[in-house]
Amino acid sequence: MKKTPQKKSENIAGLLKLHHEDMKRYVGAQSEIFQEKLDGVVELTMSTRETVIKLSDDVGTLTGKVGVLTGRVDKLSDDVGTLSGKVDRLSLDMTEVKMLLVNKADKKDLRALDVRVGVLEKAKK
């Protein structure tokens, strides 16, 4: 005996009713599994977001500190330039003092030599 299209529909509807509850349970279970995984991803995302915010704050703090250090390095660079100029001036002053000392020593030696020559000349006469 052949089944009519209506009987086929009824058989299909009956099968669907039988499996409808199973499908609802299966979809519900899959939904719960998905929700648990999604909750884990959301938790990790929130944790990562908090870490990024903290790191952003830290970067801001470090940027400020780098600015302060840059200012200090600039000041030290200026100070080194000033000291370099002073060392150059000191070097010139020392050269001048050295020349004065050499000239003074030479004059002293010349006077001593003049005295000796004078003594020798008196002795010859």
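Which residue forms a salt bridge with Asp22? The points below take this up after the overall form.

1. Basis. This is a predicted model, in which local features need pLDDT of at least 70 and side-chain atom pairs count only at pLDDT 80 or more, while totals for chains, interfaces and linings use all residues. Residues are numbered from 1 along each chain as its sequence is written, and side-chain values use heavy atoms, with hydrogens and water left out.

2. Overall form. The chain has 1 helix and 0 strands (DSSP runs, H or I of at least four residues for helices and E of at least two for strands, numbered from the N terminus). Helix H1 covers residues 5–124. The C-alpha atoms fill a box of roughly 175 × 30 × 20 Å along the principal axes.

3. Burial. Of the 125 residues, 0% are buried (buried is under 20% relative accessible area, exposed over 50%, partly exposed in between, with a 1.4 Å probe and protein chains only). The chain exposes about 12000 Å², and carbon and sulfur atoms supply 64% of this area (Shrake-Rupley method, 1.4 Å probe; for residues, only the protein chains shown count as cover).

4. Salt bridges. The count is 4 (a side-chain nitrogen of Lys or Arg within 4 Å of a carboxyl oxygen of Asp or Glu). Asp22 pairs with Arg25, their closest N and O atoms being 2.2 Å apart. Both lie in helix H1, 3 residues apart, about one turn of the helix. Asp22 is partly exposed at 37%, and Arg25 is exposed at 54%.

5. Two further pairs. Lys54 bridges to Asp58 at 3.2 Å, and Asp79 meets Lys75 at 3.2 Å, N to O. Lys54 is exposed at 52% relative accessibility, whereas Asp58 is partly exposed at 31%. Asp79 is partly exposed at 31%.

6. Surface patches. Glu32, Glu36, Asp39 and Glu43 form a negative patch, and Phe34, Leu38, Val41, Val42 and Met46 make a nonpolar one of about 450 Å² (residues with over 30% relative accessible area and no salt bridge; like charges joined within 9 Å, nonpolar side chains, Val, Leu, Ile, Met, Phe, Trp or Tyr, within 5 Å). Glu36 is exposed at 58%, while Leu38 is partly exposed at 35%.

Conventions. Lys, Arg positive; Asp, Glu negative; His and termini not counted. Charge placed at Lys NZ, Arg CZ, Asp CG, Glu CD.
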